[in-house]
Amino acid sequence: MDISSVLQGGYHHPLSREWQSRRELTKNMFMYPIFITDEPQAEVEIASLPGQKRWGIEKLDRLLAPLVQKGLRSVILFGVPVNCQKDPHGGPADDPSGPVIQAIHLIRKQYPSLYIACDVCLCEYTSHGHCGYLVHNPDGSTTIDNAASVKRIAQVALAYAKAGAHCVAPSDMMDGRVKAIKRALIEAGLGNRCTLMSYSAKFASAMYGPFRDAAGSTPSFGDRKCYQLPPGAHGLAQRAIIRDIAEGADIIMVKPALPYLDVLSQARDRLAPSHPLAAYQVSGEYAMIVAGARAGVYDLRTMAFESVNCIVRAGATLILSYFTPEFLDWLDS
Ligand code: PB1
């Protein structure tokens, strides 16, 4: 056999196999998405997201204390108000007594080491369930009012930053919202303290269903194809990443993760080589992996590792994943 044909010697021993990964999976790479509702005592299972719950503010300790103990470093908060009066403009989104702002205060006080990111969007708070303001056109069509949406999104992001969030993450996909948020942070003297993580390459994926169940954020009509990227889009993803960097994004996200690893690796290699890259393993990806394990297709832990190792290999610096609690255990064993 020709010498250059022999590879197996390089990874025969478990330790030499570890050396084959360019970067190792660590706990600080995981950001845990959590759903905060406005019923203080709530601890409600989410059927379509096995193992995940909607948490009331008074139950947050029950969720966070053991996870912080195990090494949880960051969370991203999603407000899921069930008692508020939703309106066409997402009025409750920045309610000072709302679940997100209340959770920021509590976490800053109780878990000072925990990094708090806040998703910024209107869909959980609008009566129509879209991520921005709608305009009803003379021809009978209904479209997004981008300018008004951007103004509102920046307002909500600033409210979270003022409440103490370390990071604001606009998932709305409105054009120009990154610039508007960055300007608002700078004018408020928070531009040098609050991270802006942009969902830059966010696709109109079929894999958001369980999240929408959890957050009650399914659009009441139509879909999000006019403001989330077409799944086949390549150039648009590049342009969105380049645009958001120019508008001041500090972290660039690709979402969902698995079906878009090509975009992630292109962001790492070419488009955003000097930015931390986030990848969001979305609810549908998580539910799919759990369902496959329950169906006996594979071992859950093995598949979960395989699903995040490819995200790291493609260039992610941080991974938003509902498997975060499990990885805090798995990475210890
Ligand atoms: O886990 C997930 O599926 C995330 C869903 C995501 C949250 N940022 C959104 C996708 C959607 O419902 O269109 C919410 C949009 N603001």
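**Entry 1, ground rules.** I worked from a predicted model, in which local features need pLDDT of at least 70, side-chain atom pairs count only at pLDDT 80 or more, and totals for chains, interfaces and linings use all residues. I number residues from 1 along each chain as its sequence is written, and side-chain values use heavy atoms, with hydrogens and water left out.

I looked up which residues surround the ligand. There are 19 residues around the ligand, and Arg212, Arg224, Lys255, Ser283 and Tyr322 come nearest. A residue is near a molecule if one of its heavy atoms lies within 4 Å of it. I then sorted the shell by residue class and got 11 nonpolar, 3 polar and 5 charged residues. In this sorting, Ala, Val, Leu, Ile, Met, Phe, Trp, Tyr, Cys and Pro count as nonpolar, Asp, Glu, Lys and Arg as charged, and the others, Gly among them, as polar.

For Gln228, a polar side-chain atom lies 2.8 Å from an oxygen atom of the ligand. For Lys255, the distance from a polar side-chain atom to a nitrogen atom of the ligand is 2.6 Å. The ligand has 410 Å² of accessible area on its own, and the protein covers 100% of it. Accessible areas come from the Shrake-Rupley method with a 1.4 Å probe; for residues, only the protein chains shown count as cover.

I checked where the ligand sits, and the space it takes is the largest cavity. A cavity is a set of points, on a 1 Å grid over the protein atoms alone, where a 1.4 Å probe fits but cannot get out. A molecule sits in a cavity if more than half of its atoms lie within 2 Å of its grid points. Strand 9 (195–202) and helix 6 (209–215) are the elements that give two or more residues to the shell around the ligand. Helices (H or I, at least four residues) and strands (E, at least two) are DSSP runs, numbered from the N terminus.

I went back to Lys255 for its backbone. The peptide bond from Lys255 to Pro256 is cis, with omega near -5°. Pro256 is in the loop between strand 10 (251–255) and helix 8 (261–271).

I noted a positive phi, near 70°, for Met173, a residue other than glycine. Met173 is in the loop between strand 8 (167–170) and helix 5 (177–187). Met173 counts as buried because its relative accessibility is 6%. Buried means under 20% relative accessible area, exposed over 50%, and partly exposed in between (1.4 Å probe, protein chains only).

Is Ser307 buried or exposed? Ser307 has a relative accessible area of 1%, so it is buried. I placed Ser307 in helix 10 (residues 300–313). The side chains of Ser307 and Gln281 are joined by a polar contact of 2.9 Å. A polar contact is a pair of N or O atoms within 3.5 Å; within protein, one must be able to donate a hydrogen and the other to accept it, and residues adjacent in sequence count only if both atoms are side-chain atoms. A polar atom of the Ser307 side chain also lies 2.7 Å from the backbone oxygen of Ala304.

Asp223 is in the loop between helix 6 and helix 7 (235–246), and at 38% relative accessibility Asp223 counts as partly exposed. I found a polar atom of the Asp223 side chain 3.0 Å from the backbone nitrogen of Lys225. Asp223 and Gly129 are 94 residues apart along the chain, with their C-alpha atoms separated by 9.7 Å.

I looked up His130 in the loop between strand 5 (115–120) and strand 6 (134–136). His130 is buried, with a relative accessible area of 4%. Between His130 and Pro219 the C-alpha to C-alpha distance is 5.3 Å, at 89 residues apart in sequence. Gln52 lies in the loop between strand 2 (43–45) and strand 3 (53–56), and counts as buried at 2% relative accessibility.

How values were computed:
1 Å grid on protein atoms, 1.4 Å probe; cavity = no way out; pocket = protein on both sides within 12 Å on 5 of 7 lines; lining within 4 Å.
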